[in-house]
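I opened the model to look up a few things about its layout. The entries below follow the order in which I checked them.

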Amino acid sequence: MSDKDSAMAYWKANIRLIFISLIIWALVSFGFGILLRPLLAGISVGGTDLGFWFAQQGSILVFLGLIFFYAWRMNRLDRKFGVDEE
Amino acid sequence: MDQFIINLIFVGASFALYIGIAIWARAGSTSEFYAAGRGVHPITNGMATAADWMSAASFISMAGLIAFVGYDNSTYLMGWTGGYVLLALLLAPYLRKFGKFTVSEFIGDRFYSQTARMVAVACLIIASVTYVIGQMTGVGVAFGRFLEVSNTTGLLIGAVIVFAYAVFGGMKGVTYTQVAQYIVLILAYTIPAIFISLQLTGNPIPALGLFGDHQASGEPLLAKLDQIVRELGFSEYTTHHGDTFNMMLFTLSLMIGTAGLPHVIMRFFTVPRVSDARWSAGWALVFIALLYLTAPAVGAMARLNITELMWPNGTDAAAVSLETIESDEKYDWMETWQKTGLLGWEDKNGDGLIQYYNDASPALQERAAAEGWQGNELTNFNRDILVLANPEIANLPGWVIGLVAAGGLAAALSTAAGLLLAISSAVSHDLIKGAINPNISERGELLSARIAMAVAIGVATYLGLNPPGFAAQTVALAFGLAAASIFPALMMGIFSTRINNVGAVAGMLAGLTVTLVYIFLHKGWFFIPGTNSFDDSDPLLFTIKSTSFGAVGAAINFATAYIVAGMTKETPQEIKDLVESVRIPRGAGAATDH
């Protein structure tokens, strides 16, 4: 694989990871927290429902997980494609 | 000891601490002044970023907005944290690889255009000045209470101190001062919350107490809160009663704006490596989340406490009497806050009792007619006082109240000073040295920086006297402007090689102008009260409030840039190579100034 192809493959893998992460990002906030809240109304959490928890706390916890997951995966990808900083 | 003296000791001690650290760190090394963060552990850097980022809007204002609206204002919580995901995934590592210190330099180089750089400077200044107005609103509330003067006097005193603080200057850039500010700020926020959570739910962790049981009634806290606010004719706390479309757009605007604010992005330019830029965003969010997970608990518990104080014998019995407010020490906070002009009550029907209820609710109007009430008698409750008044409302010890005063000032001052530095460097470095007079002397550059700072704070103070909203709402407008102008340009600069100089300039101008006009149409031209043609309760387009328009502005920016770039000359090869190199971590040197 030439350098150019390798760089292209690295970028594609990165875009794919970003895409998946952003779907989760949107799902927990705009989805569970707002639009899909009526669907989660049956699951009760401390005097209210799961959607309320996602809007006020759950989405923040998922955001944290996402950023650390992305950093960990990307650092592995960097090494795999040999583009990490020495 | 008198509360005033206790406040003075806490605020004085915290200031002495910041200044002490600044002097100690400066004596250690001068280079740290310029490159805060390099060689600093990502966790330490994350703490400093969190202090930089959390302003009067997060500390003083946000929980109050949540308390009085409930679920619908979760937008602030999701918006201001969700932006960090965008920052970590879409911007931070690439801008770090690019290796310049300012956002406008990246835009100028990537779009090979001095015009693009100047437009970016203009966007930056407009968004930052709007942001400072929001900070000044918060500073006015904090100083007004702490010095026991009116809100206006507090604002004017605060303006002088912010100016001195910013001119004293570089200490803002010293990472360890910010770490100290973070620690003061987070202790000041969480300690009263822990006390209150223990009082109400028996759970020492407020974030969990929010979903726990209310000890006095044995019911879940949120169910109890829903019940008593419903009985007083207000909308239920946990249900959605606003417009869903506007709520989505508002959340998105805050998220994109977070990732487009230059003073936040700059923090990631100076970390040692590209992989650290990815981790740093995560650590910053860890420290931000400590406050953001507590904020909804602070809001809900304060609302419950206030309502119960106004109806000490339950919502179906008699309301609190004027005599009790004057004599019972549990109500002392009402009298102290009345002095600031931000809290007020009036016995409209002369029955010696103060009825707090929603006089627009049909069910309560019926009860009012039956019991001879003549409207809500808690006539004024400024949302921005809630967090600062919270420990007094819950009857906590004096030292907690002093600590909260110190924390609120730390949040407002650190961010206001940081923004003033960003504005002054944009004017003196990017605008005057970069475009108008490249041969300006160092002294001239410094002088123009100071003048820019003085003008910015003057404008912000003047507008802060009649703010376009509560602190967090004004700050939200600044996020809308950043979302519409800076974020799309940065993202397209990294993810698309098609966008050329003309496209980027057209996109930024279109996004900024349309958003600014939309805001001015609703909030008054240049925020001058009374010059607005529309109101946020009945906005110009569909249900989109002016605070939510940033996401629309961003879409206009993206679309304009693509269309214009498609019609004009292709990006040159060397710029395409530059973009390719930005996408790969290898070969990132230290960040350079020029």
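**Domains of chain B**

I took the centres of domain 1 of chain B and domain 2 of chain B over C-alpha atoms and found them 34 Å apart. Domain 1 covers 3–300 + 390–582 and domain 2 covers 306–386; these bounds come from an automatic or database domain assignment.

I noted that this is a predicted model, in which local features need pLDDT of at least 70, side-chain atom pairs count only at pLDDT 80 or more, and totals for chains, interfaces and linings use all residues. Residues are numbered from 1 along each chain as its sequence is written, while chains are lettered from A and ligands numbered from 1 in the order in which they are written.

In chain B, 27 residues of domain 1 touch 22 residues of domain 2. On the domain 1 side, the elements giving two or more residues are helices H4 (56–69), H7 (114–146), H11 (221–231) and H18 (386–393) of chain B. H4(B) gives the most, with 7 residues. Helices (H or I, at least four residues) and strands (E, at least two) are DSSP runs, numbered from the N terminus. By class, this side of domain 1 has 13 nonpolar, 10 polar and 4 charged residues. I counted Ala, Val, Leu, Ile, Met, Phe, Trp, Tyr, Cys and Pro as nonpolar, Asp, Glu, Lys and Arg as charged, and the others, Gly among them, as polar.

**Chain B as a whole**

I listed 24 helices and 4 strands in chain B. Of its 594 residues, 58% are buried, meaning that 20 or more other C-beta atoms, placed from the backbone, lie within 10 Å of the residue's own. Of the contacts between residues at least 6 apart in sequence, 80% join residues at least 24 apart.

**Chain A against chain B**

Which elements of chain A give two or more residues to the side that touches chain B? The contact takes 35 residues from chain A and 42 from chain B, and on the chain A side those elements are helix H1 (3–35) and helix H2 (50–80). H2(A) gives the most, with 17 residues.

I checked the UniProt entry, which is unreviewed; for chain A it lists residues 17–40 and 52–72 as "transmembrane region". Such annotations may be inferred rather than shown by experiment. In the model, residues 17–40 of chain A are 79% helix, and residues 52–72 of chain A are 100% helix.

Terms used
A residue is buried if 20 or more other C-beta atoms lie within 10 Å of its own, exposed if 12 or fewer, and partly exposed in between; C-beta atoms are placed from the backbone. Two residues are in contact if their C-beta atoms, placed from the backbone, lie within 7 Å.
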